Amino acid sequence: MCGIVGLFLKDPALEPELGRLTAGMLATMSDRGPDSAGFAVYGAGEAGQTKLTLRGTSPLSMEERASEIEAAFPGAQTTLHDTHAVIAVPDQEVEALIKWIEREAPETEIVGRGNRMEVFKEVGLPEKVAERFGLAGMRGTHAIGHTRMATESAVTTDGAHPYSTGKDQCLVHNGSLSNHNNLRRSLRREGLEFETENDTEVAAGYLTWRMREGLSLGDALKVSLDDLDGFYTFVVGTENGFGVLRDGIACKPAVMAETDQYVAFGSEYRVLANLPGIETARVWEPEPATVYFWER
Amino acid sequence: MPDIDLSVTPLRELNAALHKLTPETNERHWVIEHPAGGHAIAAGLNVPVTVEINGSVGYYCAGMNKLATVLVHGSAGVGVAENMMSGFVHVSGDASQAAGATGRGGLLRIDGNASSRCGISMKGIDIVVKGSVGHMSAFMAQTGNLVVLGDAGDSLGDSIYEARLFVRGSVKSLGADCIEKDMRDEHKAAVHDVLTQAGLDGEVDPSEFKRYGSARTLYTFNVDHAGEY
């Protein structure tokens, strides 16, 4: 099953509400995905700074790692969120920080990287996961989230979405891919690394590879229709926007709503039912095999 | 006239109350507020009452409906009026996938568009869609009439049996074993009948529709038994 939510604000007046609205949408999707939940929030970004979102093994160990990072990188600003920490460093220090993490804190996972994107994911009921990370208090321009009912790989935090596909880019997925093992082997030959047996990680890796080869995100999504076998609804977050793609059969549900203030995505209409102005919003189902994209 | 606010009353309580109704009930007109896309609202009704829902509903609204009239003033999620036996279901907005799936009788009217697989495996239900229907509509449809005032998506009527499909607009593509057929007077009369039952008498001219049905090459069809379908 799995549930997906996405909220892309057009009206800056709603930005302080982004986290609260997304948390509500995510909680509604608990019964489509009670195993784990995750979300990416696009908040404020400072020019010349890169944010890494790190996932530790426990809140305590993350706190310890964060203070070690602050000691090793005096320019780093850290914000703790339960098992995760967001570390902002000057762009030129990012590679050194990543090397430091790989060497000194190998148990720590880098789940997101970008100027604006922060990514959080954990095992547990979506409502609880959102609470632990304080989603309701977060502000920003757009967010995507996922609630997982595991089918293709184990219930672990590694198997939780979103998956990062590059700087300020991430992907959530509802469905299952049937050629992910083959594709993973091919992509490994292209030099991509995979941490899990999860099918969505392969889709994320595929898009990363296509964009590395020079395609735009929209074009990468278009060619994915030929290369990914299975059924899926993807929602992709980028620094300035978000995109939606359903496979040609479109058996995985998707509903969208648009007003002057926002574009919203939900696996079911229930997700959208409490958004402001939904009574007069344009509500529709995205067409199969069609790439949708919004930017601001 | 019971007036149920689903932001206060649990959905299961509402459905349990509806299921308890007997044919002699005096509570014949129910109004539901704040459905908020909830699933299985007014599913499994078995008595001739009217349930009016103010807002959009989730999956399987009015599923398995028998005798009742269910009016949705909003849009409906997957499988509205799924396996309906009789009665009338009216959606004023759009309907998601598989509207009227496997329906055995009654009438489903959708004023907006219906998504993919509208009327999949229909078995006697009549479906009227004022807008368009999505891909794979009337897949393996067996009997009944699907009347579409707008367009139809890809693979209309794939692997169809004896259901009759009438489309006024364009058809993106026909599915396996589905062909266009002559629109004779009896078919115009059939379209007129269904439109009249749906309350759309006079809105469109039945002769504007094209008829699609089975080429009968994919299943064992014996012409001597044609009258039994």
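Begin by colouring chain A by domain: domain 1 covers 3–44 + 120–295 and domain 2 covers 46–115, with bounds that come from an automatic or database domain assignment. This is a predicted model, in which local features need pLDDT of at least 70, side-chain atom pairs count only at pLDDT 80 or more, and totals for chains, interfaces and linings use all residues. Residues are numbered from 1 along each chain as its sequence is written, while chains are lettered from A and ligands numbered from 1 in the order in which they are written.

The centres of domain 1 and domain 2 of chain A, taken over C-alpha atoms, are 24 Å apart, and the contact takes 13 residues from domain 1 and 11 residues from domain 2, a contact being two residues whose C-beta atoms, placed from the backbone, lie within 7 Å. On the domain 1 side, β7 (117–123) and α4 (126–133) of chain A each supply at least two residues; helices (H or I, at least four residues) and strands (E, at least two) are DSSP runs, numbered from the N terminus.

Now move to the open sheet of 5 strands, ordered β9-β10-β11-β12-β16 in chain A with antiparallel pairing, where two strands pair if DSSP finds at least two bridges between them. Its edge strands are β9 (163–166) and β16 (292–295) of chain A. Select β9(A) with β10 (residues 169–177) of chain A, and 3 bridges are found joining them; Tyr163(A) stands opposite Leu171(A) in β10(A).

Finally, show helix α7 (residues 217–227) of chain A, which lies across β11 (230–237), β12 (241–246) and β16 of chain A and runs at about 10 degrees to β12(A). Axes are lines fitted to C-alpha atoms, for helices over the stretch in contact, and angles run from 0 to 180 degrees between N-to-C directions.
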